[in-house]
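Please read this briefing beside the sequence and the structure, which are shown just below.

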Amino acid sequence: MLEVKDLHAYYGKSHILQGVNFNVQQGEIVSLLGRNGVGRSTTVKTIMGEVAPEGSIKFKGEEIAGKKSFEIAHLGLGYVPENRDIFPTLTVRQNLVLGMKSTKSEGRWNIEEMFKMFPNLGERADVHGGVLSGGEQQMLCMCRTLMGDPDMIMIDEPTEGLAPKIVEQVALLLQEIAKRGVAILLVEQKLSIALKISHRLYVMGHGKIVYEGTPDSLLKANEIRSEWLEV
Amino acid sequence: MLEVFIFATLNGLVTGLLLFMLASGLTLIFSMMGVLNFAHASFYMLGAYFAYSISLQFGFWLGLIFAPLIVGCLGAAVERYGLRRVHESGHVAELVFTFGLAFLIEEAIQFFWGPDTKNYQSPDILDFPLFTLFGQEFSAYRGFMIGVSVLIFIGLFRVLTRSRIGIIIQAAITHPNTVANLGHNVPLIFMGVFGVGTALAGLAGVIAGPVLTTFPGMAIVLGSIVFVIVVIGGLGSLAGAFIASLLIGLLQSYAIASDVGMPDLLNFLGVSFERDHPLNDLWTMTLPQIAPILPFLLLVLVLIFRPTGLMGNREE
């Protein structure tokens, strides 16, 4: 589904990504772990075309490095940014409509289904997005991306600042998304959710992938966890 | 007195709604690009001249349809091949670009149409009094101007608040990257908004040309007031632009229609000055005389007491 090879990216003169290699298969949940500042968010921003890439990024066999963000989204790659970016003056329903790439085709998801899955959002369908709680905003942001019917989504820190109960809901939603054949690249700092729902994991350090494995193998790899993940 | 008030209100509405047609495009473009388009009133002037030329061959109504379309296409081309490239060099470069474009359009108009006033006429079918009140006539063409402006306002409001494209535009104003990540072509949206904004300015020119006269200085006459409106309303606020347009249209209209002045005020205060007083011109000044500067006076007051404008929320 997604294959990243020797990806480099720069912020000015700072060499942030120094040859990142990883892949995500169809229907898989893959987590990209690492401490703050190692380049996890930059990796997804670069894949999404927000940061100029050097290297190869193939999505569904097509080279997307250098394409514009909206073109990449049209190919079926969704992105839920870290800051959520809910449109505060638009209602919940309008936020969801905004996620649809076209009004003509019916995708895997529709608004009424989203409201069934998240009754909180349904009850507040006509409320401005800006007044929702952090958890509701996160759900709305993920649902909005799903409205575009992506084949894969990249989610940056979805559980940041959320209560444990809401984190559980986020985990359930991610599993439901994967069940419907949508691949997920989960960018996380918290190990708990990544270990619980991921099929495979990558650990980043100093702008590179320093470890690849399964949740079980990472649990056993004490050295990796202490060197690259634990604070 | 009542007839003066009613006709001043109607004329104020005509001016105010016309100003809104110009200000709405300008404020939308500012919202999206963060730059004031100094050439905006030049597109208004182009609308009047294109409509004049079309009306000579095909009549007023085809001019009403095609002139704004041509101006809108020109505006979109300016954004696509000019502003978008200049945008990379920052806002100062954009301001200089639009400033230069205003001069270019004015010179081009003088080159192609000449420096004299054009005999651009309203259509014969609207050349009758819509109604007569207190012996005074209100022309059907002015009623038509109000009708077109109100329709545009309702259409613009509905598109921006009810339609999917309106939702996308609203979101692209504040979060262009997020909107692009959702699969929407933001540069194309910007170009479309610029095109529609300039087309609205062109439409204002088409319907104002026969009333306010079509001459190469018409952009300068209205241009500065439109900027005042956008600032008074609050930069980027469409609702603010609407309120400020009506406010200024009515204010100027009431001022022109009134027959009060400094002598009345001085009489009221029981003060009098000799005719040979050095400031005699000031003491004899009337409200209609200062009507043209009232928008600027209001601008100063708004900037002192509410720098963000009536409906603006931009602090930066």
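Predicted model: local features only at pLDDT ≥ 70, side-chain atom pairs only at ≥ 80, totals over all residues.

Residues are numbered from 1 along each chain as its sequence is written, chains are lettered from A in the order in which they are written, and side-chain values use heavy atoms, with hydrogens and water left out.

**Contact between the chains**
- The contact (heavy atoms within 4.5 Å) takes 23 residues from chain A and 17 residues from chain B.
- About 1700 Å² is buried between chain B and chain A, with carbon and sulfur atoms giving 62% of that area; buried area is the accessible area (1.4 Å probe) that two parts lose on being put together, summed over both.
- Of the area that chain B buries against chain A, 39% is supplied by B:Arg164, B:Asn181 and B:Leu182, more than by any other three residues.

**Cysteines**
- Over all chains, a search of the whole structure finds zero disulfides (pairs of cysteine sulfur atoms within 2.5 Å).
- A:Cys143 is in no disulfide, and the nearest cysteine sulfur, that of A:Cys141, is 9.4 Å away.
- A:Cys143 counts as buried because its relative accessibility is 0%, whereas B:Cys73 counts as exposed at 56%; buried means under 20% relative accessible area, exposed over 50% and partly exposed in between (1.4 Å probe, protein chains only).

**Position of one isoleucine**
- B:Ile70 lies in helix H3 of chain B, a helix being a DSSP run (H or I) of at least four residues, numbered from the N terminus.
- B:Ile70 counts as partly exposed because its relative accessibility is 36%.

Key
Helix = DSSP H or I, 4+ residues; strand = E, 2+ residues; numbered from the N terminus.
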